[in-house]
Amino acid sequence: MTSTEPVPESPTKRPYALTIASSDSGGGAGIQADLKTMTRLGVYGGSVVVAVTAQHTRGVDSTYVLPDEEIRAQFEAVAGDFDVGAIKLGMLATASAVETVDDCLRAYDSPVVLDPVMVATSGDQLLEDDAVDAYTRLFERATLLTPNADEVARLTGVYPDDERSRAEAAETLFGWGADAVLFKGGHVDTGAGTVRDTLATPNRVVEFTNPRIRTERTHGSGCTLSSAIASRLAHGDELSTAVERGIAFTHAAIARPADVGSGPGSVDHLVDSTHWD
């Protein structure tokens, strides 16, 4: 005989992380990539949508930025109910949106991973020119910046392709208030078939080297890395450990990409944990 008694609940307690970024309708980058990554890494993810994009594996067709009051309302709704363990910042689109997010974060004191998204993998510009200066003021909120080489060059005027140039760029970024910088090496040719990512703080430099993967399916890789690091920080990892584990996850997601779309394709945020954990 089947029991009709109600089954007691068995709640699961997970760290909570928040992505403040923009939507990618194709699912490979932006908030969709962030939330899939957070879920894959055992984090309950929430979102503040700054803009929506009509986007696919071939490029970005259009962008619509939400009004500042709607961005703020989303943040206040989440912050007023959830214990946010880490925040990932992605595509913020305009100076006004950047300033709104900056104001929202004034009372927040947990880790912030800032991915200064300026240009999509397809080459489409995602940050308005007048937003760059506003972005640098947001660096004071950042536990970690995760720029690629082109973004570093646009921000600082220095292309970080060797130890000396990275140190020069890091000094500028620290001067703007960042606690640490992860110089992503995917755009820099080491000449050795490897990718070298460099974590710089005012006190030390740590390098992470992995084999370069021959693929064009890298859509969403930057979003995936920054949200993976934020996830590990929400779990309580120390910064260098969070970075190391985030890089391992992203490397696996690039090595085993998702076969989707008619363009270059996307990384696979659902990659099997045996390849990275």
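1. Helix α1 (residues 30-40) and helix α7 (residues 221-234) have axes that come within 9 Å and cross at roughly 40°. That angle makes α1 oblique to α7. The crossing of the two is right-handed. All of this rests on a predicted model.

2. The α1 side of this contact consists of G30, A33, D34, T37 and M38. They meet C223, T224, S227, A228 and S231 of α7. By class, the contact has 4 nonpolar, 5 polar and 1 charged residues.

3. Next, helix α2 (residues 68-79) and helix α3 (residues 95-104). Their axes come within 10 Å and cross at roughly 30°. Angles under 35 degrees count as roughly parallel, so α2 is roughly parallel to α3. α2 and α3 also cross in a right-handed sense.

4. Which residues of α2 meet α3? They are D68, I71, R72 and F75. Their partners in α3 are S96, A97, T100, V101, D103 and C104. The residues of this contact divide into 5 nonpolar, 2 polar and 3 charged.

5. Now the second largest pocket. It holds about 220 Å³ of space. Its lining includes T12, K13, R14, P15 and Y16. Y44, F82, D83, G85 and A234 also line the pocket. By class, the lining has 5 nonpolar, 2 polar and 3 charged residues.

Technical notes:
Residues are numbered from 1 along each chain as its sequence is written. This is a predicted model: local features need pLDDT of at least 70, side-chain atom pairs count only at pLDDT 80 or more; totals for chains, interfaces and linings use all residues. Side-chain values use heavy atoms; hydrogens and water are left out. Axes are lines fitted to C-alpha atoms, for helices over the stretch in contact, and angles run from 0 to 180 degrees between N-to-C directions. Helices (H or I, at least four residues) and strands (E, at least two) are DSSP runs, numbered from the N terminus. Angles under 35 degrees count as roughly parallel, over 145 as roughly antiparallel, 65 to 115 as roughly perpendicular and the rest as oblique. A crossing is left-handed if the near helix is turned anticlockwise from the far one by less than a right angle, and right-handed if clockwise. Contact means heavy atoms within 4.5 Å. Ala, Val, Leu, Ile, Met, Phe, Trp, Tyr, Cys and Pro count as nonpolar, Asp, Glu, Lys and Arg as charged, and the others, Gly among them, as polar. On a 1 Å grid over the protein atoms alone, a cavity is a set of points where a 1.4 Å probe fits but cannot get out, and a pocket is an open set with protein on both sides within 12 Å along at least five of seven lines; lining residues have an atom within 4 Å of a point. Grid points are joined across faces, edges and corners, and a volume is the space filled by probe spheres set on the points.
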